[in-house]
Amino acid sequence: MEAQESATMTPRTNVTSGRRCLGLEKTNFRYTPGQLTALRIPTSRRKPSKRNDIDPEQMAYIANIEWKLSYVTPLYQFRHTQLVLYSKQLSAFIVAEKQKGIAVEVGPEMGFKVVFSVVHGMTETDEDAETVFIKIYSKPAFSVEGSAVKVVWSGWFTCVNGNLDYMRSLPSDFVSLPLFCANGPMSITALVKSWFTRMFDCYFGPLSLNSSILQWLAALWTECHPACNIRYLKLAWNLSTLPPLDISYTVHPQDAWNLWSSIRQNDSMEDSISIEKVRCFMKRVESHFFRHFRMYLSAGMLTRVCTSLGSAHCDGTIKITGTHYITPVLMLLTECALLKMPI
């Protein structure tokens, strides 16, 4: 089932005028009203809670797929009501680029189509724009009518609990969908980014996940264990030795939960998780490893976190399998994307 074609309105801001963003080098975006550079890293986050209000058929587009993350600056004059038009325009752009001789990995003699749609219900505030999903299908040019088509690329833009001060500072012609996730050939990803850059004067950049973000994900997923068995907590570090040493460490889910709950038992912030608790949790995990192997994991870099709810790597790839608990993950990634922007 395709996600519904959108009649969703794009959130508007209180600012009624602004100048068009012309890209990274020539942007006038920094001069828009408001303190856009005043974004700060939160010291606490809301505890994960189960959500049942997102259509599971729509969430199937996102679950169990490894996504490559990017940040994207606000889109100029993007409208959720124009998704059918955008589908046709992006299709025409890819055809034109392929005719120029640019390699597009949709297979030889393939026809293809682009479909923009909306995944409803993923927003957390009225200021969040609805998630936009894109699929590119291909099929043999001479295939029989009604034959199956193949998804060769998919991607989506989202904003979940974006910084309110930041979004209210944007001129009304800009839409903030700062997190971009892509799956498929890099050549198609590059074309999609190129088209968005030309159409909406935005800029894309890689979104890597540092050790602090991975620690947050480990804590957020461990917090979910009583409600849904996380089955395991796998952590990986890279130590800068000669030669470099990669260490993988698997913690039994109940042991991880017992450790986490012991840290949280006297926590006055019942509905949120503080960065101090996250750091304490990781320090105790590292101390336990040291007692057995006499190696300081804190001297290395946390590179990967994995549970049955999802996995994430420092190179900016993530897979989400526990979609009922997707909101806190997307909130964290939205925050990362906003903090990464060159403004």
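Which residues does Thr189 touch, not counting residues up to four places away in sequence? Thr189 touches Trp153, Phe180, Ala182 and Gly184. The model is a predicted one. The protein has 343 residues, and 51% of them count as buried. Its secondary structure comes to eight helices and 15 strands.

- Thr189 is part of helix α4.
- Its relative accessibility is 12%, so Thr189 counts as buried.
- Thr189 and Lys68 are 121 residues apart along the chain, and their C-alpha atoms are separated by 9.8 Å.
- Two of the residues that Thr189 touches are Trp153 and Phe180. Trp153 and Phe180 also belong to an aromatic cluster.

**Contacts across the chain**

- Take the contacts in the protein with a separation of 6 or more: 75% of them join residues 24 or more positions apart.

**Aromatic pairs and the cluster**

- With ring centres within 6.5 Å as the cut-off for a pair, the count comes to 25 aromatic pairs.
- An angle over 60 degrees counts as edge-to-face.
- Trp195 and Phe200 are both buried.
- Phe200 also pairs with Phe196: here the centres are 5.5 Å apart and the planes are at 45 degrees, so the pair is tilted.
- Helix α4 spans residues 186-200, and Phe196 and Phe200 are four residues apart in it, so about one helical turn separates them.
- Phe196 and Phe200 are both buried.
- Trp195, Phe196 and Phe200 sit in one aromatic cluster together with Phe78, Tyr86, Phe116, Trp153, Phe157, Phe180 and Phe204.

**Lysines over rings**

- Lys113 lies over the face of Tyr137, 5.5 Å from the ring centre.
- Lys234 lies over the face of Tyr232, 4.9 Å from the ring centre.

**Helix α5 against helix α6**

- Two packed helices are described by the angle between their axes and the distance between the axes.
- Helix α5 covers residues 211-223 and helix α6 covers residues 253-264. They pack at an angle of about 95 degrees, with axes 10 Å apart.
- That angle makes α5 and α6 roughly perpendicular to each other, because 65 to 115 degrees counts as roughly perpendicular.
- From α5, the contact uses Ala219, Thr222 and Glu223. From α6, it uses Ala256, Trp257, Trp260 and Arg264.
- By class, the residues of this α5 contact with α6 are four nonpolar, one polar and two charged.

**Helix α5 against helix α7**

- Helix α7 runs over residues 275-293. α5 and α7 pack at about 90 degrees, and their axes are 9 Å apart.
- α5 and α7 are therefore roughly perpendicular to each other.
- On the α5 side, the contact involves Gln215, Trp216, Ala218, Ala219 and Thr222. On the α7 side, it involves Ile275, Val278, Arg279, Phe281 and Met282.
- The contact of α5 with α7 has seven nonpolar, two polar and one charged residues.
- Ala219 and Thr222 of α5 take part in the contact with α6, and Ala219 and Thr222 also meet α7.

How values were computed
Residues are numbered from 1 along each chain as its sequence is written. This is a predicted model: local features need pLDDT of at least 70, side-chain atom pairs count only at pLDDT 80 or more; totals for chains, interfaces and linings use all residues. Side-chain values use heavy atoms; hydrogens and water are left out. Rings of Phe, Tyr and Trp (its six-membered ring) pair if their centres lie within 6.5 Å; planes under 30 degrees apart count as stacked, over 60 as edge-to-face and the rest as tilted. Buried means under 20% relative accessible area, exposed over 50%, partly exposed in between (1.4 Å probe, protein chains only). Helices (H or I, at least four residues) and strands (E, at least two) are DSSP runs, numbered from the N terminus. A charge sits over a ring if NZ of Lys or CZ of Arg is within 6 Å of the ring centre and within 35 degrees of the ring normal. Axes are lines fitted to C-alpha atoms, for helices over the stretch in contact, and angles run from 0 to 180 degrees between N-to-C directions. Angles under 35 degrees count as roughly parallel, over 145 as roughly antiparallel, 65 to 115 as roughly perpendicular and the rest as oblique. Contact means heavy atoms within 4.5 Å. Ala, Val, Leu, Ile, Met, Phe, Trp, Tyr, Cys and Pro count as nonpolar, Asp, Glu, Lys and Arg as charged, and the others, Gly among them, as polar.
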